[in-house]
Amino acid sequence: MSNQMDWQDLAMGSHYLTALEVQNCLKQGNIMEATTGLEALIEAMGRSDKRALKSQLIRLMAHIIKWKCQPEKRSSSWSITILSARNEIESIQEDTPSLNTNTINLIWDKCFKQAVKEAETEMNKKCQLTALSWQEIFEQEYTLFDKN
């Protein structure tokens, strides 16, 4: 590897191949180059985790929007998708602690707008919701059975 841009391209293409190249640099004693490669790998992995967080948040919001806008079509698969997306978000946050509540708040509005578009397309109708609260997204239960 000869420069920062090469490392960035490699890291965006394959985390594994980047790690192998960093390892090769270390074996050759090229600490500076290995450090540059490692920095590019860390940055690429962070972007990947953030994209995964965003994707799961949009998925979660879209299903909650459908739940609220089409009560007659609620299904256990929607409940499972909501639980699954919440679990995925939790896992991403455990693996990458920097993707915390602040990060979610920063991407919230953009994710909500995307989720509305996805939900409207799937429902084939306009959504009247203008916002969703943290409680609705992460705390409220969405189930078809009464737990009492």
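## Crossing of helix 3 and helix 4

In this predicted model, helix 3 and helix 4 cross with a left-handed sense. The axes of helix 3, which spans residues 31–69, and helix 4, which spans residues 76–95, come within 9 Å and cross at roughly 155°. Because angles over 145 degrees count as roughly antiparallel, helix 3 and helix 4 are roughly antiparallel to each other.

Helix 3 brings to this contact Asp49, Ala52, Leu53, Gln56, Leu57, Arg59, Leu60, His63, Ile64, Lys66 and Trp67, while helix 4 contributes Trp78, Ser79, Thr81, Ile82, Ser84, Ala85, Arg86, Glu88, Ile89 and Ile92.

## The largest nonpolar core

The largest nonpolar core holds 30 residues, and the members that touch the most others are Leu57, Leu60, Met61, Ile65, Ile137 and Phe138. At least two residues of this core come from each of helix 3, helix 4, helix 5 (101–123) and helix 6 (134–138), with helix 3 giving the largest share, ten residues.

Once neighbours within four places in sequence are set aside, Phe138 is in contact with Leu57, Leu60, Arg86, Ile89, Ile104 and Trp108. Among these partners, Leu57 and Leu60 also belong to the helix 3 side of the contact with helix 4, and Arg86 and Ile89 to the helix 4 side.

How values were computed. Residues numbered from 1 in each chain as written. Predicted model: local features only at pLDDT ≥ 70, side-chain atom pairs only at ≥ 80, totals over all residues. Heavy atoms only, no water. Axes fitted to C-alpha atoms, helices over the stretch in contact; angles between N-to-C directions. Helix = DSSP H or I, 4+ residues; strand = E, 2+ residues; numbered from the N terminus. Parallel < 35°, antiparallel > 145°, perpendicular 65-115°, else oblique. Left-handed = near helix turned anticlockwise from the far one by under 90°. Contact = heavy atoms within 4.5 Å. Core = buried A, V, L, I, M, F, W, Y, C linked by side-chain atoms within 4.5 Å. Buried < 20%, exposed > 50% of the residue type's maximum accessible area, 1.4 Å probe, protein only.
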